[in-house]
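I am keeping these notes while going through the model element by element. Each entry says what I looked up and what I found.

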Amino acid sequence: MPGPRILLIEDEPSIAEPFADALAREGFAPVVAGSGADGLRLAREAAPDLVLLDLGLPDVDGRDVCRALRRESSVPIVMVTARGTETDRIVGLELGADDYVVKPFSAAEVAARIRAVLRRGGAATPPPDVVEVHGLRIDRAAHRVFVDGREVELTRKEFGVLERLAREPGRVVTREDLMADVWDVNWFGSTKTLDVHVGWLRSKLGDDPAHPRFITTVRGVGFRLEAPEREG
């Protein structure tokens, strides 16, 4: 049986070809894309189990490719870059990457990271219909929201923002993803409307942005709904 299918998005053949061979020797089934556009196309057509994404692509910023991949699927993403600063790593992970590899690296190291990410991910599971966070109850199926047992009336867009955040509690959702998912993927206007709706949403939930109970702003990136309390 073939191993997990790995989509390698790398524009330099001198790197992509030998690295694909190394992945095959490690038991994976590599698929190579030489540009961001080809990578997005193959991500849809080849249904990879994981994407290895080089950030230094010739046609588009690898971070934009990561955003697009994350909008369309939950496929695990391991970013590959020559830049290894803490800020680069944080931004990559906040955009939805599952791990981050800095050049130069060995094929054995990357193979180990791929296996670790695949083990952590397992089968994708849909978000629960009801999410509860510090007294906030979001019933996604019924489109109802309660704070400390009191129902809160939200507009369609306000609920849309909260519901999108509730799909990934504890994880930052970028401004771009919120605009694409709640408004429209082809939205070209100002994202100021997102800030306005988040402000209205916080007001209705009684959430102080200076000391957030539910929604935290991650400056320059997006917003995060606090993670539900763990039982036990």
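Which residue in S8 is the bridge partner of arginine 137? I found phenylalanine 146 in that place.

Before going on, I note that this is a predicted model, in which local features need pLDDT of at least 70, side-chain atom pairs count only at pLDDT 80 or more, and totals for chains, interfaces and linings use all residues. Residues are numbered from 1 along each chain as its sequence is written, and side-chain values use heavy atoms, with hydrogens and water left out.

Entry: I took helices (H or I, at least four residues) and strands (E, at least two) as DSSP runs, numbered from the N terminus. I counted two strands as paired if DSSP finds at least two bridges between them. Strand S7 (residues 136-139) and strand S8 (residues 144-147) run antiparallel and are joined by 4 bridges. Their hairpin has 4 residues between the strands, and histidine 143 in the turn has a positive phi of about 55°. S8 is also joined to strand S9 (residues 150-152) by 3 bridges, again antiparallel. There valine 147 has arginine 150 of S9 as its bridge partner. I found 2 residues between S8 and S9 in their hairpin, where aspartate 148 takes a positive phi near 50°.

**Entry: parallel sheet.** I traced an open sheet of 5 strands with parallel pairing, in the order S2-S1-S3-S4-S5. Strand S2 (29-33) and strand S5 (99-102) each have a single partner strand, so one side of each is left without a neighbour in the sheet. From one strand to the next the twist averages 20°; for angles I used axes that are lines fitted to C-alpha atoms, for helices over the stretch in contact, with values from 0 to 180 degrees between N-to-C directions. Strand S3 (residues 50-54) pairs with strand S4 (residues 77-81) over 4 bridges, and aspartate 54 stands opposite valine 80 in S4. Helix H2 (residues 36-46) packs on this sheet, touching strand S1 (5-9) and S2, and its direction makes about 165° with that of S1. Contact here means heavy atoms within 4.5 Å. Helix H3 (residues 62-72) lies across S1, S3 and S4, at about 160° to S3.

**Entry: antiparallel sheet.** I then traced an open sheet of 3 strands in the order S10-S12-S11, with antiparallel pairing. Its edge strands are S10 (172-174) and S11 (215-218), each pairing on one side only. The twist averages 30° from one strand to the next. S10 and strand S12 (residues 222-225) pair over 3 bridges, with threonine 174 opposite glycine 222 in S12. Helix H8 (residues 192-205) packs on the sheet and touches S11 and S12, its direction making about 150° with that of S11. Helix H7 (residues 175-183) lies across S10 and S12 and runs at about 70° to S10.

**Entry: H7.** How many of the 9 residues of H7 are buried? I found 7, where buried means under 20% relative accessible area, exposed over 50%, and partly exposed in between (1.4 Å probe, protein chains only). Among them are Arg175, Asp177 and Trp183. Their cover includes H3, helix H6 (156-166), S10, H8 and S12.

**Entry: arginine 202.** I looked up arginine 202, which lies in helix H8. Arginine 202 is buried yet has no salt bridge, that is, a side-chain nitrogen of Lys or Arg within 4 Å of a carboxyl oxygen of Asp or Glu. The nearest side chain of opposite charge is aspartate 207, 4.4 Å away; Lys and Arg count as positive and Asp and Glu as negative, while His and the chain ends are not counted. Not counting residues up to four places away in sequence, arginine 202 touches Asp207, Pro209, Ile215, Thr216, Thr217 and Phe223.
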